[in-house]
Amino acid sequence: MGAPPFFFRKEVKRMELRKMTGSEPLYVYRQSQQIGQQTGFVGYLRGDYGESGKQFWTEWFDDREDWNTPDFKHDLQRAIDRLRYETRQLADRDQLSILCLNDMESAITEDQRWFGFRVDQGDHAFLLKCCPYKGDNNFYVYCYHKDWLDQHMDKAQQGIRFIDSSQKELFRIPDGGRIRITQPDGQQTERTCRFIDESHMEVGDGRDSVYHICQFAELMERNDNTVEPVGPTLREQTSAPMTQKMDQTM
């Protein structure tokens, strides 16, 4: 059999499965409505290799049915088929183990049980969260509009601003960073924060978790609460961003 046509060779070269970098591990979880809207989050695919490690069971979960278009379906199917049959990185649990365990730097959780990769196909970006061990679902594929996701992550690099009621900046934390809120009686709570845009953020989970940064500052001062970062601020971080380790909450 001769060499594949030139246009096919270009397509193979263009689709590259790579380990995650920067803040990409933040996006291998179901996103809130606000972040999902900005990143073009279509939904996610859950997969498992079954008892034998050679089966291929999948289940799809829509986030935006209107974005689950024929073009999207084609890009997702093409990406999965190529990873199964051409590169064989998702062919079965043994191949997934080779992919993950040969490069432990691709781990995205502290216990090194979950590993993160990204592949782009057509207009979409597919972020894979993989577990090569029997007993867990073996992979999740979180699906985004590529340009929307990249633009949002680029903006999020400026960090989440915390200000006082006079709009003086107190500190910034990276997207996905945590804060500690201390009440007047000394009770403390910690919350994970997500970047929405330059003036809005999510603080923790739930329907009432979205705040304008001025609104949040006024709320904290009205209740005599103090807010401080947990871990390094954005200014304190090194200029070379490190892949963030995430917990395993879906």
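1. Strand β9 (residues 178-182) and strand β10 (residues 188-197) run antiparallel and are joined by five bridges. Along this pair, Thr-182 stands opposite Gln-188 in β10, and Ile-179 stands opposite Arg-191 in β10. Five residues lie between the two strands of this hairpin, and there Gly-186 takes a positive phi near 95°. Please keep in mind as you read on that this is a predicted model.

2. In the loop between α6 and β13 you will find Asp-224. Asp-224 is not a glycine, yet has a positive phi of about 55°. With a relative accessible area of 56%, Asp-224 is exposed.

3. Six strands make it up, in the order β1-β4-β5-β6-β2-β3, and the pairing is antiparallel. At its edges are β1 (18-19) and β3 (57-62), each of which pairs on one side only. β1 is joined to strand β4 (residues 115-121) by two bridges, and these strands run antiparallel. In this pairing, Lys-19 stands opposite Phe-117 in β4.

4. Which helices go with the six-stranded sheet? Helix α5 (residues 146-156) packs on the sheet and touches β4, β5 and β6, its direction making about 90° with that of β6. Helix α3 (residues 70-86) lies across β2 (41-48), β3, β4, β5 (124-130) and β6 (139-145), running at about 45° to β5.

5. Next, the interior. In soluble globular proteins, nonpolar side chains tend to be buried together. The largest nonpolar core here has 25 residues, and those with the most contacts inside it are Phe-117, Phe-126, Leu-128 and Val-141. Two or more residues each come from β2, α3, α4 (93-101), β4, β5 and β6. α3 gives the largest share of this core, five residues.

6. Which residues does Leu-128 contact, leaving aside its neighbours within four places in sequence? They are Leu-17, Met-20, Val-28, Leu-83, Leu-90, Phe-115, Gly-116, Phe-117, Val-119, Tyr-140 and Val-141. There is also a second, separate core of 20 residues, which includes Phe-41, Phe-61, Cys-131 and Ile-196.

7. Gln-167 is in the loop between β7 (160-163) and β8 (169-173). Gln-167 is a residue other than glycine with a positive phi, near 70°. Is Gln-167 buried or exposed? Gln-167 is exposed, with a relative accessible area of 55%.

8. The other site is Glu-236, in the segment after β13. Glu-236 is exposed, at a relative accessible area of 57%. A polar atom of the Glu-236 side chain lies 2.9 Å from the backbone nitrogen of Thr-233. Glu-236 and Arg-172 are 64 residues apart in sequence, while their C-alpha atoms are 9.7 Å apart in space.

9. Finally, some totals for the whole protein. There are 13 strands and six helices. Of the 250 residues, 44% count as buried. The protein exposes about 13,800 Å², and carbon and sulfur atoms supply 46% of this. Among contacts with a separation of 6 or more, 59% are between residues 24 or more positions apart.

Definitions and conventions. Residues are numbered from 1 along each chain as its sequence is written. This is a predicted model: local features need pLDDT of at least 70, side-chain atom pairs count only at pLDDT 80 or more; totals for chains, interfaces and linings use all residues. Side-chain values use heavy atoms; hydrogens and water are left out. Two strands pair if DSSP finds at least two bridges between them. Helices (H or I, at least four residues) and strands (E, at least two) are DSSP runs, numbered from the N terminus. Buried means under 20% relative accessible area, exposed over 50%, partly exposed in between (1.4 Å probe, protein chains only). Contact means heavy atoms within 4.5 Å. Accessible areas come from the Shrake-Rupley method with a 1.4 Å probe; for residues, only the protein chains shown count as cover. Axes are lines fitted to C-alpha atoms, for helices over the stretch in contact, and angles run from 0 to 180 degrees between N-to-C directions. A nonpolar core is a set of buried Ala, Val, Leu, Ile, Met, Phe, Trp, Tyr and Cys residues joined through side-chain atoms within 4.5 Å. A polar contact is a pair of N or O atoms within 3.5 Å; within protein, one must be able to donate a hydrogen and the other to accept it, and residues adjacent in sequence count only if both atoms are side-chain atoms.
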